[in-house]
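Try each task on the display before you read the solution.

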Amino acid sequence: MGGLTMAAPAVSTAKASAPVETSLPPELPMAGEPAVPFVEIEALRAQQFIPAAKEALGALLAEQGQSKLIRPVFNWAGRNSLFPLHWGLACCAIEFASAFGARWDAERFGVVPRSSPRQCDLMIVNGTVTWKVAHKLVTLYEQMPEPKWVIAMGNCATGGGPFRTAYSVVPGVDKLVPVDVYIAGCPPRPEAMLDGILRLEQLIRDRKE
Amino acid sequence: MEAEELSRALAPALGDRLTAVEPFPGTAGRVRFRPDGALDVFRRIHELGFTHLSTVGGIDWVDHREVFYVAWSDALKQYVFLSTDLPADSPHIESATSVWPSADWHERETWEFVGITFDHHPDLRHLLMPDGYAFHPLLRSFKLHEPEELEVKVRHV
């Protein structure tokens, strides 16, 4: 590791745009060195790390025959460790919270709510989405790593609910992000939410691509 | 403090900028004033001890609009109710932020929902609606939209 010294800050490394094969990924700065701005880290991630990871994964899948061997394993792992990012916007969040209490215990399905979109692969929108918060919802959705799913929980997230024609409410969160499972109810009971999660697991089990 | 006492305290300093002072339940009185003398009224009311501005709001009466202020006095333990009428075609009034800094967000909200412009407001922009929102939704002329129609208008602004 000591051999990989960084001659210039990561800014100039990204701008040099050398061929991907020869350029070494820049190390994170040590204590005392100037920090790399967050935007630069994001740019590096998008330009280098994600394409490299996709290429390596694609090569692995092509080698192994993706639908026969690797894909079922990925699907099995994915559907048994769904980490939801929850949008506690309205009363559905109360039902969401009680689904993780002792009585319904959603964690037995491997569903563990996380606080950061970077750790999540499932977004559960439980509540009334307004236009004011819409672009924040899209931003957090885009920060979640692939593959990712969205559950619209309750009538408000599904279609705007009783506020459908109101001046400030998004008429359904599927106007903003692609939704996989809709859960009806105002609010849905925790059993309904668990049923939605199990149906999503069925979707992931059948995933082919 | 009663309405008559309030009237005696206000009338000499304000003159004809004061339209009426009448009893109003639960308050020291309801002060009606001309909109061009608003800042003098605010200052005088503030001098009387009403140092906390509790609410600013607006009403759309179709032929005109009304803007009202509710101020609280800690010494008197009383509210005072101020209101004035504005023309419907260009409703604007001097901002109260130079007298009560807490008027900032209240006036932003009033502008946003009822469309009353506050002159010399330090930062008159949207408070509860997204930036670029094209309507004043509590006006009587505002019609409920079909969801798709509203969505397009909000997104493309």
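**Exercise 1. Count the helices and strands of chain B, and give their order.**

Solution. Keep in mind that this is a predicted model. Step one is the count: chain B contains four helices and seven strands. Step three is the overall extent: the C-alpha trace of chain B spans about 55 × 30 × 25 Å along its principal axes. As for confidence, the mean pLDDT of chain B is 89, with 93% of its residues at 70 or more.

**Exercise 2. Work out the strand order of the open sheet in chain B, and name its edge strands.**

Solution. Begin with the order: five strands of chain B line up as E1-E2-E5-E4-E3, in an open sheet with mixed pairing. Next come the edges, which are strand E1 (18-22) and strand E3 (52-60) of chain B, each pairing on one side only. Neighbouring strands in this sheet are turned by 20° against each other on average, direction ignored.

Now pick out one pair. Strand E4 (residues 64-73) and strand E5 (residues 78-87) of chain B are antiparallel partners, joined over 10 bridges. To see one of these bridges, find Trp72(B), whose partner in E5(B) is Tyr79(B).

**Exercise 3. Find which strands of chain B helices H2 and H3 lie across.**

Solution. Take helix H2 (residues 38-47) of chain B: H2 lies across strand E2 (27-33), E4 and E5 of chain B, and runs at about 180° to E5(B). Then move on to helix H3 (residues 103-114) of chain B, which lies across E3 and E4 of chain B and runs at about 10° to E3(B).

Of the 157 residues in chain B, 31% are buried. Among contacts in chain B with a separation of 6 or more, 49% are between residues 24 or more positions apart.

**Exercise 4. Describe how helices H4 and H7 of chain A meet.**

Solution. Two packed helices are described by the angle and the distance between their axes. The axes of H4 (residues 92-99) and H7 (residues 190-205) of chain A come within 8 Å and cross at roughly 75°. An angle of 65 to 115 degrees counts as roughly perpendicular, so that is how H4(A) and H7(A) are placed to each other.

The last step is to list the residues. From H4(A) come Glu95(A), Phe96(A), Ser98(A) and Ala99(A), and they meet Pro190(A), Met193(A) and Leu194(A) of H7(A). By type, the residues of this contact are five nonpolar, one polar and one charged.

**Exercise 5. Decide whether Val181(A) is buried or exposed.**

Solution. First locate Val181(A) in strand E4 (residues 181-183) of chain A. Then count: Val181(A) has 20 C-beta neighbours inside 10 Å, so it is buried. Setting aside neighbours within four places in sequence, Val181(A) is in contact with Ile151(A), Gly196(A), Arg199(A) and Leu200(A). For a distance across the chain, take Ala99(A), 82 residues away in sequence: its C-alpha atom and that of Val181(A) are separated by 17 Å.

**Exercise 6. State how many residues of each chain are in contact between chains A and B.**

Solution. On one side are 11 residues of chain B, in contact with nine residues of chain A. The chain B side consists of nine nonpolar residues, one polar and one charged. For the complex, the predictor gives an ipTM of 0.75 and a pTM of 0.71.

Definitions and conventions:
Residues numbered from 1 in each chain as written. Chains lettered and ligands numbered in written order. Predicted model: local features only at pLDDT ≥ 70, side-chain atom pairs only at ≥ 80, totals over all residues. Contact = placed C-beta atoms within 7 Å. Nonpolar A, V, L, I, M, F, W, Y, C, P; charged D, E, K, R; others polar. Helix = DSSP H or I, 4+ residues; strand = E, 2+ residues; numbered from the N terminus. Buried ≥ 20, exposed ≤ 12 C-beta atoms within 10 Å, placed from the backbone. pLDDT = per-residue confidence, 0-100. Axes fitted to C-alpha atoms, helices over the stretch in contact; angles between N-to-C directions. Parallel < 35°, antiparallel > 145°, perpendicular 65-115°, else oblique. Pairing = 2+ DSSP bridges.
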